[in-house]
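Morning, everyone. I have one structure to walk through today. Please have a look at it first.

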Amino acid sequence: MVRRVRREQRGAWFPLLVFAVVRFGAAPVVRFGQGDNVRLAIWYYPVALGLAFALIGWFYLRRSARLGVGTRVGPYLAVGLVLAVLTTGYQVWAALGTAPYPHFREPTFLYTLYNAVESPAGSIGLALLLLARIERSWLLLAITCAYLALLLDFDNRPTASAWGGWDLLFSGGVLLLGSAVLALRQRFQSRSAE
């Protein structure tokens, strides 16, 4: 009975899909949010992450009302919104030219880790780690670890294009592929349970 309830609670494919859209949506903002339009780039992620967490909360609440089985989405939404606010604060602080961590000529592992965690992409990864814990999903944990590993791979980064480089494509692709895998897995498990 407990396994069946947990299976019905799972819906992590939707947050992955929403965050993939947020990552892919960042490409035009990176492209056109440079120079005089830097304000556009600063405010994209706070608005996009706020809307993403609101949409994810709506999805889980609607799903729990439809199925009669709830998911503890409150802690996830609270941590996600706090991460979005902290990330926004840091991005504004860094844009003002007062970043707390010095820039090195050669990126060190600590510097890369710090930039990955404080970035909007890092806050997405941390929120997904919490969701993997809440849903008790090893597959979601593996997908999130692959996503976070892409953020930390500083040795194999190709040169960034004006559209944001390959990191947006790869990280968004991992989230989109993970969403498809989780949705298919949930669909096959629900069919086999019937």
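How much accessible surface does the protein have, and what share of it belongs to carbon and sulfur atoms? The accessible surface comes to about 11400 Å², and 66% of that belongs to carbon and sulfur atoms. Accessible areas come from the Shrake-Rupley method with a 1.4 Å probe, and for residues only the protein chains shown count as cover.

Ground rules. This is a predicted model, where local features need pLDDT of at least 70, side-chain atom pairs count only at pLDDT 80 or more, and totals for chains, interfaces and linings use all residues. Residues are numbered from 1 along each chain as its sequence is written, and side-chain values use heavy atoms, with hydrogens and water left out.

Confidence next. pLDDT is the predictor's confidence in each residue, from 0 to 100. The protein averages 77, and 69% of the residues score at least 70. Residues 158–162 stay under 50. For that stretch the model has five contacts beyond four places in sequence, a contact being heavy atoms within 4.5 Å.

Now the fold. There are eight helices and zero strands. Both are DSSP runs, numbered from the N terminus: helices are H or I with at least four residues, strands are E with at least two. Of the contacts with a separation of 6 or more, 76% join residues 24 or more positions apart. Of the 194 residues, 38% count as buried. Buried means under 20% relative accessible area, exposed over 50%, and partly exposed in between, with a 1.4 Å probe and protein chains only.

Take helix 2, residues 13–32. Its 20 residues should span 28 Å, taking 1.5 Å times one less than the number of residues. The end C-alpha atoms are 30 Å apart, which agrees. Buried residues in helix 2 include Phe 14, Leu 16, Phe 19 and Arg 23.

Helix 3 covers residues 38–67, and Tyr 60 sits there. Tyr 60 counts as buried because its relative accessibility is 2%.

At 3% relative accessibility, Phe 53 is buried. Leaving aside neighbours within four places in sequence, Phe 53 contacts Phe 19, Tyr 76, Leu 77, Gly 80, Leu 81 and Ala 127. Phe 53 and Leu 77 are 6.2 Å apart, C-alpha to C-alpha.

On to helix 8, residues 166–193. Ser 171 lies in it. Is Ser 171 buried or exposed? Buried, with a relative accessible area of 1%. Beyond four places in sequence, Ser 171 contacts Arg 23, Tyr 147 and Leu 150.

Leu 169 is also in helix 8, but Leu 169 is partly exposed, at 42%. Leu 169 belongs to a nonpolar surface patch with Leu 17, Val 21, Phe 24, Leu 150, Phe 170 and Leu 176. Together they have about 560 Å² of accessible area. Helix 2 and helix 8 each supply at least two of the patch residues. Patch residues have over 30% relative accessible area and no salt bridge; nonpolar side chains (Val, Leu, Ile, Met, Phe, Trp, Tyr) are joined within 5 Å, like charges within 9 Å. A salt bridge is a side-chain nitrogen of Lys or Arg within 4 Å of a carboxyl oxygen of Asp or Glu.

One last residue. Arg 136 is in the loop between helix 6 (120–135) and helix 7 (138–152). Arg 136 is not a glycine, yet its phi is positive, about 55°. Most residues other than glycine have a negative phi. At 44% relative accessibility, Arg 136 is partly exposed.
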